[in-house]
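Subject: Structure handover

Hi,

Here is the structure I promised to pass on. Please open it next to this email and follow along.

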Amino acid sequence: MKPSACTEYFIIILLIIGNSFGITAQEQSYTDAEIEKMETSLTALNGIEKIKLLLKLSDWYENFYFRPKEFQKAIKYANQALKLSKALHSDIYEGKTYLQLSMLYELSNNDVMLEGCARNAIALLTHTNQIDDLAESWVMIWSAKMRSNAPLEEKFIPISKAAALFKMSGNNKRRSDCHREIGALYFHHKDFHKAMNSLEKAMVLYKEANVEEKDFYPVSFRLNILYETEKKNKDIIILKNKALLQQNELKTAAFLRNSMITFLILLLIILGLLYKRFTFKKRTNKLLEVQQEEINQKNVTLQNMLVEKEWLLREIHHRVKNNLHMVVGLLASQVEFLKNEEAVQAINSSQNRIHAMSLIHQKLYQSDNLSIIDMPSYIFELTEYLKDSFEIRKSIRFVLDIDSFNLPLSHSIPIGLIFNEAVTNAIKYAFPNRKYAIINISLKTTDNKVYVLTIQDNGIGLPDDFDPYDNPSLGIKLMHGLSDDIKGKFQISSENGTKITLEFTINESNLH
């Protein structure tokens, strides 16, 4: 018989025997009268005895799985046993019932329920002394995996666990069945060495279990096929390798001869050309190496200078921020010794202005770009600071509408200070009663690179005699001065409250 024919024949044997592998429950023969008597006695029983009888009836009707009505009785009695065992909180019999249900669902080809019931049985029986039933539950998991397209590892795990549990219980017959199927799996995936090891172990266990030789003859037959197939395959491989080696040697000899002749002819031509180019390249390469070395040294120097400059700038911004925080701390300490309310308010205002500048330097040393500020983030953090500073989180609502863009340092500090002054004035003076207080903050940009900062409240508005161009207030003067610094247009008006508008432009090259 050819090796390929042996292999095909062996696969057919495996399929036939594999399909016969199942739960080797002990079959008991009862007459119809005995079964009817047991069914009648169910009403008189309670507790564990009733569960046992229900499982016995379910097991008996299981043998008639090819008859739908009888098979439905098997499922019905198993479900009744499950319900009763749950009511009695009996892990052992609840686990046994789930195992029985998994066997029934295996026969009805319900793979989902088969695996679900088997896993429930494992969960319940794991902490009991029912090792054989626990092992049979793992066999049911294996059966479900074999019916699916599960990976090889998922098929090996349950059958291997079942074999280990049967070993614990000393059930060599069922353990040998498990090793028989493990060998079949290995064979299916063409791992013939492991397949032989598993089948040999199954043979030993069958003999230890005193199983008659005729019952495990298929395993012995499989082993003989494997031995014969492996031997023939090795012989065929050796012969093929010898033939290939001889063919390769002949081809290599012819190729070498022809290649050597061609190579010698080309070599004489190439050597002359190479020598000429070698002398030319030698001179050229030497000159290029000198130039490249000079360029590399300059690049390294410039790179080091650039890195050093960035770190120096980052360190400067960090130290400026720390120094400004120190000034804020000193002003806070000074407030404790002041009794004049106006002086305290002046120092508090100065603290807010210093924090607005400090926040700029903090964001610069924390960002990758040391020359521009992300305005939405900056305005949001400055707003949160003023909320905390004046303790107004619940009394005044802020509505922010900020476009996403960056501004250079030259504009960020003036805008931050103007923002601080405008919002501070609104918090302090716009809402005497602080009812329904809203401050709208907007920073928008147009297509022609015109930026507009608007801060508007719904407070009491400006006094009738207020003159924005001749006002002694330091805050108003500061906002006018800062607007002039960035060549902006500053306006303050009374529209259902107080509205402050700052309009300015910026050179686009400063945004990078």
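Below are my notes on the helices, the annotated segment and the sheet.

One caution before the details: this is a predicted model.

Two packed helices are described by the angle between their axes and the distance between the axes. I use both below.

Start with H5 (residues 91–107) and H6 (residues 111–125). Their axes come within 8 Å and cross at roughly 160°. Angles over 145 degrees count as roughly antiparallel, so H5 is roughly antiparallel to H6. The crossing of H5 past H6 is left-handed. On the H5 side, the contact residues include Ile-92, Tyr-98, Leu-99 and Tyr-105. H6 brings, among others, Met-113, Cys-117, Leu-124 and Leu-125. By class, the H5 and H6 contact has twelve nonpolar, three polar and four charged residues.

H6 also packs against H7 (residues 131–146). Here the axes come within 9 Å, and the crossing angle is roughly 155°. That makes H6 roughly antiparallel to H7. This crossing, too, is left-handed. From H6, the contact residues include Asp-111, Leu-114, Arg-119 and Ile-122. H7 meets them with residues including Leu-134, Trp-138, Ile-141 and Lys-145. The H6 and H7 contact divides into ten nonpolar, two polar and five charged residues.

What about H3 (residues 47–62)? H3 packs with H5 at an angle of about 15°, and their axes are 11 Å apart. H3 is therefore roughly parallel to H5. H3 passes H5 in a left-handed crossing. H3 residues in the contact include Ile-48, Ile-51, Leu-55 and Asp-59. Among the H5 residues there are Tyr-93, Thr-97, Met-103 and Leu-107. The classes are seven nonpolar, three polar and four charged.

**The annotated segment**

An unreviewed UniProt entry lists residues 255–275 as "transmembrane region". In the model, this span is 100% helix and 0% strand. Its end C-alpha atoms lie 29 Å apart.

**The sheet**

Five strands make up an open sheet with mixed pairing. Their order is S2-S4-S5-S7-S6. At the edges are S2 (396–402) and S6 (489–494), each pairing on one side only. On average, neighbouring strands are turned by 10° against each other, direction ignored.

S5 (residues 450–457) and S7 (residues 498–505) run antiparallel, joined by seven bridges. Thr-454 has Thr-501 in S7 as its bridge partner.

S7 also pairs with S6, again in the antiparallel sense, over six bridges. Phe-490 stands opposite Leu-502 in S7. S6 and S7 form a hairpin with three residues between them. In that turn, Asn-496 has a positive phi of about 55°.

Which helices pack here? H13 (residues 375–390) lies across S2 and S4 (437–445). H13 runs at about 170° to S2. H15 (residues 474–485) packs on the sheet and touches S6 and S7. The direction of H15 makes about 145° with that of S6.

If you want one place to begin, take H6: H6 is roughly antiparallel to H5 and to H7. Then go to S7, which pairs with S5 and with S6.

Best wishes

Terms used: Residues numbered from 1 in each chain as written. Predicted model: local features only at pLDDT ≥ 70, side-chain atom pairs only at ≥ 80, totals over all residues. Heavy atoms only, no water. Pairing = 2+ DSSP bridges. Helix = DSSP H or I, 4+ residues; strand = E, 2+ residues; numbered from the N terminus. Axes fitted to C-alpha atoms, helices over the stretch in contact; angles between N-to-C directions. Contact = heavy atoms within 4.5 Å. Parallel < 35°, antiparallel > 145°, perpendicular 65-115°, else oblique. Left-handed = near helix turned anticlockwise from the far one by under 90°. Nonpolar A, V, L, I, M, F, W, Y, C, P; charged D, E, K, R; others polar. UniProt positions renumbered as here; feature names shortened; annotations may be inferred.
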